[in-house]
Amino acid sequence: WAPGSVNPSTLTVEITTKDRGVSHGSGISDTKIKNLVIEQQNEHSIHISNGKRIVLENLSVGKSETGINNYTSSGRPASEGNIIRNNHVHDTNLEGVYTQGGAGHLIEGNVIERVSMSEDRMSNAASNWGHFGIYTTDSASNQTIRRNIIKDVGYIGLIATGSGLVTENYIENALVNMTDGGGIAFDFTDGMTISKNIVKDMYSDMTTMPTLYVGYIPLAKGIYFGDKDIKNTTIDANIIMDIESDAVWMDHGTEYIGNKVTNNIIHGFTRSGIGVSDWSNGIDFPGQCAPNNSSVCFVASYNDVVTGNKIYGLDSTQNPFYFLYSYSNGQGAKADFGTSNNNYFHNPYRTTKVQEVKNFVGTTSNYTLSQWQAASGEDANSTASNYTLTNANDAADIYYNATSAPIIQSVSGCNANGTPLTGAQTIQPFNALVVEHGNC
């Protein structure tokens with residue numbers, strides 16, 4: 001049947017007969033491909049296989065399974081990395097840009113949109129892993145993913161793995177056809193910095209999800225720590241807005257070491273601004289953890305650092321800080337996730353700012369900041385909004401800048417300290433200004 005049951009004679013039917021538009025063979029180096037339109041392939045619009053210092057620039061690619069597939073063997077030096085820059089990647093069924101292996105790749109300035117938007121394709125996919133705007137695999141190292149615009153993606157906007165820098169990307173409206181994902185997600189990282197990105201409007205869709213799936217609930221995250229080996233990874237100075245579930249979700253596995261969440265601005269979410277969990281410890285011990293043998297999956301302590309974050313809850317349901325403890329040592333102890341301090345917990349619609357759920361005993365506790373400080377010994381220098389609001393229209397407003405130059409914004413209100421903010425304010429690139437209305 002034609003879409004919408006329209007008369008098929010009124011439609012244009014496009015047919016493809018080629019698997020790949022450009023296939024760049026192994027061993028070729030120092031090649032530039034630019035200023036072309038490459039569309040309507042069965043497989044990849046562009047496929048690079050073990051090329052060295054290849055530049056893909058100012059291309060329009062799409063209407064294919066994957067826009068750009070960049071394969072490089074592991075262990076190659078960063079000096080042989082490829083550049084994917086200033087391209088328009090659109091209307092693909094699987095990934096926008098897929099980079100496998102190698103080192104030193106630069107993915108910069110691309111516009112990637114309408115990736116894996118077909119509900120029918122998603123419903124019949126062989127696997128739910130895929131359907132990403134940008135996807136880099138775990139063997140990639142020293143990569144830079146910078147200044148890309150990623151919009152309208154069936155599953156996760158950007159998957160980062162390995163090591164390197166993910167910075168100043170704008171990601172909007174991922175999870176169009178799935179749940180349990182986010183704007184930016186990562187596994188198998190060691191030495192990754194994710195900084196100054198803007199992640200906005202993450203709302204999941206359950207239409208294509210099997211009802212028996214363990215995550216069959218709306219779970220849209222802004223920045224999502226995955227369940228596999230995350231080490232020495234820093235989430236710093238990002239702006240995360242309008243998130244269905246948790247703005248930053250710090251899920252922990254057993255190989256989870258030296259990670260930091262610092263100086264982020266978080267504005268609007270459903271469950272938590274920053275959520276912390278040890279649920280994924282059970283991934284390493286399948287079938288051994290629930291419910292009477294949870295000590296098998298218990299990790300007594302981690303060394304997270306959570307500091308300098310400004311978290312703005314906008315109604316009475318939103319927890320600035322949330323902890324989910326799934327496992328215990330069998331004697332009631334819970335995990336110590338690390339240190340937390342110098343954060344700002346804003347929610348003038350509720351007195352409590354921290355929620356703690358202990359799955360292993362089935363209890364939920366809510367804390368004011370002072371109660372949390374006394375109970376946990378953390379957040380000694382953190383602060384919280386100290387006034388009460390009832391009108392949703394009085395919630396804190398956020399103004400952000402997703403461009404490469406400063407912008408001027410006219411505002412009226414106060415900052416978190418109660419200092420008036422009126423008139424023209426300068427907002428630097430990939431930064432934000434939050435204006436409160438109840439503390440002036």
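Colleague: Why does Tyr155 count as buried?

Modeller: In this predicted model, the relative accessibility of Tyr155 comes to 5%, and because buried means under 20% relative accessible area, Tyr155 counts as buried. The residue is placed in the loop between strand S15 (149–153) and S16, and its C-alpha atom is separated by 30 Å from that of Glu80, which is 75 residues apart from Tyr155 along the chain.

Colleague: What makes Thr161 count as buried, and which backbone oxygen atoms lie 2.4 Å from a polar atom of its side chain?

Modeller: Thr161, whose place is in strand S16 (residues 158–167), has 5% relative accessibility and therefore counts as buried when set against the cut-off of under 20%. A polar atom of the Thr161 side chain lies 2.4 Å from the backbone oxygen of Thr136, and the backbone oxygen of Thr137 likewise lies 2.4 Å from a polar atom of that side chain. Since a polar contact requires a pair of N or O atoms within 3.5 Å, the distance of 2.4 Å to Thr136 meets the cut-off, as does the distance of 2.4 Å to Thr137.

Colleague: Why are strand S3 and strand S36 said to stand at the edges?

Modeller: The twelve strands of this open sheet follow the order S3-S6-S9-S12-S15-S17-S19-S23-S27-S30-S33-S36, with parallel pairing. Strand S3 (37–39) and strand S36 (383–384) each have a single partner strand, so one side of each is left without a neighbour in the sheet.

Colleague: How do you know that S3 pairs with strand S6?

Modeller: Three bridges join S3 to strand S6 (residues 60–64), and the two run parallel; because at least two bridges are needed for two strands to pair, S3 and S6 qualify. Within this part of the sheet, Ile38 stands opposite Val61 in S6.

Colleague: Which residues touch the most other members of the largest nonpolar core?

Modeller: The largest nonpolar core has 78 residues, and those touching the most other members are Leu56, Leu158, Phe186, Phe225, Val248, Met250 and Ile274. Once its neighbours within four places in sequence are left aside, Leu158 is in contact with Ile134, Ile145, Ile150, Val166, Asn169, Ile171, Gly183, Ile184 and Ala185. There is also a second, separate core of 17 residues, with Leu314, Tyr387, Ala395 and Ile398 among them. As background, nonpolar side chains tend to be buried together in soluble globular proteins.

Colleague: Is Cys414 buried or exposed, and is Cys440 buried or exposed?

Modeller: Cys414 has 2% relative accessibility and so counts as buried, whereas Cys440, at 64% relative accessibility, counts as exposed, since exposed means over 50%.

Colleague: How do you know that Lys32 and Glu57 meet in a salt bridge?

Modeller: The N to O distance between their side chains is 3.9 Å, and because the rule asks for a side-chain nitrogen of Lys or Arg within 4 Å of a carboxyl oxygen of Asp or Glu, Lys32 and Glu57 meet it. Lys32 lies in strand S2 (residues 32–34) and Glu57 in strand S5 (residues 55–57), so this pair ties together parts that are 25 residues apart in sequence. Glu57 also forms a salt bridge with Lys34, the closest N and O atoms being 4.0 Å apart. Glu57 counts as buried, because its relative accessibility is 9%, while Lys34 is partly exposed with a relative accessible area of 34%.

Colleague: What makes Glu108 and Arg146 a salt bridge?

Modeller: The closest N and O atoms of Glu108 and Arg146 are 2.8 Å apart, and since the cut-off is 4 Å, the pair belongs to the count of 18 salt bridges. This pair links strand S11 (residues 106–108), where Glu108 lies, to strand S14 (residues 143–146), where Arg146 lies, the two residues being 38 residues apart. With a relative accessible area of 17%, Glu108 is buried, whereas Arg146, at 28%, is partly exposed. Elsewhere, salt bridges that share partners join Lys32, Lys34, Glu57 and Arg85 into one network.

Methods: Residues numbered from 1 in each chain as written. Predicted model: local features only at pLDDT ≥ 70, side-chain atom pairs only at ≥ 80, totals over all residues. Heavy atoms only, no water. Helix = DSSP H or I, 4+ residues; strand = E, 2+ residues; numbered from the N terminus. Core = buried A, V, L, I, M, F, W, Y, C linked by side-chain atoms within 4.5 Å. Buried < 20%, exposed > 50% of the residue type's maximum accessible area, 1.4 Å probe, protein only. Contact = heavy atoms within 4.5 Å. Polar contact = N/O pair within 3.5 Å; in protein donor to acceptor, adjacent residues only side chain to side chain.
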